[in-house]
Amino acid sequence: MSIYPKAIIYDLDGVITDTAEFHFLAWQKIAQQLGIPIDREFNEQLKGIGRMDSLELILQQDPALAQLSDQEKEIMANRKNEQYLELVETIDSSNILPGIEELLAANKEQGLKIALGSASKNAHYVLDRLGLTHYFDYIVDASQVSKGKPDPETFTVAADALGIEYPACIGIEDSAAGVAAINAAHMFSVGVGDAAQLSDADYLVEATSQLDFKEIVERYRRKMALKEPD
Ligand code: B16
Ligand code: MG
């Protein structure tokens, strides 16, 4: 097996841009209407988790809400999305996280494929607003997977579409669920954020500004070299 990677699969929210605050504000509004107070600490659990699963986690805070029908849940999830889209309408290329455009450019220049692996149904729209769509060879959003992160499907669908074997892929994630998904796909995982949440990542940096293409490839190669038979 080659020990040079062939693709990098990027998470969107928390890696390319940070709309977690918008997700939080939108969910907080819906939760408030239901009489459930949620704070930023609670919101940590929602990172990387799909829309309906996020709603379920919020509803679990109040046992009296366990009886809500699917239709009622659908209405709430749609309402949350409307709030979120109102906020996301304001973003542009200035909302790209530090170091990301440089990383994408180096990634492209070196000839590795580029894919998106996001749990968001709004991934195409957000990427367009940021002006980054042209970098991507393939985009996986929530509409293409039946099992969200931490299931590996988001990442394996991207690798399959690119025709690349999983161990030749690198995934970059900011959530514990996302890192677990990359590891379960037998890909090399790069975590961005807090070591307490992302200790399972093969390589961890604190912030996107520390993501350096050469260093990521070097770390990948080191891990793969350890795995190579003598
Ligand atoms: P939507 P990612 C995820 O994006 C967010 O981290 C998560 O907080 C959100 O609930 C999920 O997308 C669904 O988003 O409501 O837009 O479909 O980190 O996987 O890019
Ligand atoms: Mg994320």
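Predicted model: local features only at pLDDT ≥ 70, side-chain atom pairs only at ≥ 80, totals over all residues.
Reader: Where do the two domains run in the chain?

Author: The domain assignment gives domain 1 as 7-17 + 96-227 and domain 2 as 20-88. Their C-alpha centres lie 25 Å apart. Domain 1 gives 12 residues to the contact, and domain 2 gives 12 residues.

Reader: What area is buried between domain 1 and domain 2?

Author: The size of an interface is often given as the accessible area lost when the parts come together. Here about 920 Å² is buried between domain 1 and domain 2, with 51% of that coming from carbon and sulfur atoms.

Reader: Which residues lie nearest the centre of the largest pocket?

Author: Ile 49, Gly 50, Arg 51, Ala 119 and Ser 120 do, out of 36 lining residues. Two or more lining residues come from each of α1 (20-33), α3 (51-59) and α4 (70-88). The pocket holds about 640 Å³ of space. At least three lining residues come from each of domain 1 and domain 2. By class, the lining has nine nonpolar, 14 polar and 13 charged residues.

Reader: What is the volume of the second largest pocket?

Author: The volume is about 260 Å³. The second largest pocket is lined by 15 residues, and Glu 44, Lys 47, Asp 174, Ser 175 and Val 192 are the closest to its centre. Both α8 (176-184) and α9 (195-198) supply at least two residues of this lining.

Reader: How do the residues of that lining divide?

Author: The lining of the second largest pocket has five nonpolar, five polar and five charged residues.

Conventions
Residues numbered from 1 in each chain as written. Chains lettered and ligands numbered in written order. Heavy atoms only, no water. 1 Å grid on protein atoms, 1.4 Å probe; cavity = no way out; pocket = protein on both sides within 12 Å on 5 of 7 lines; lining within 4 Å. Points joined across faces, edges and corners; volume = space filled by probe spheres on them. Helix = DSSP H or I, 4+ residues; strand = E, 2+ residues; numbered from the N terminus. Nonpolar A, V, L, I, M, F, W, Y, C, P; charged D, E, K, R; others polar. Domains from an automatic or database assignment. Contact = heavy atoms within 4.5 Å. Buried area = accessible area lost by both parts, 1.4 Å probe.
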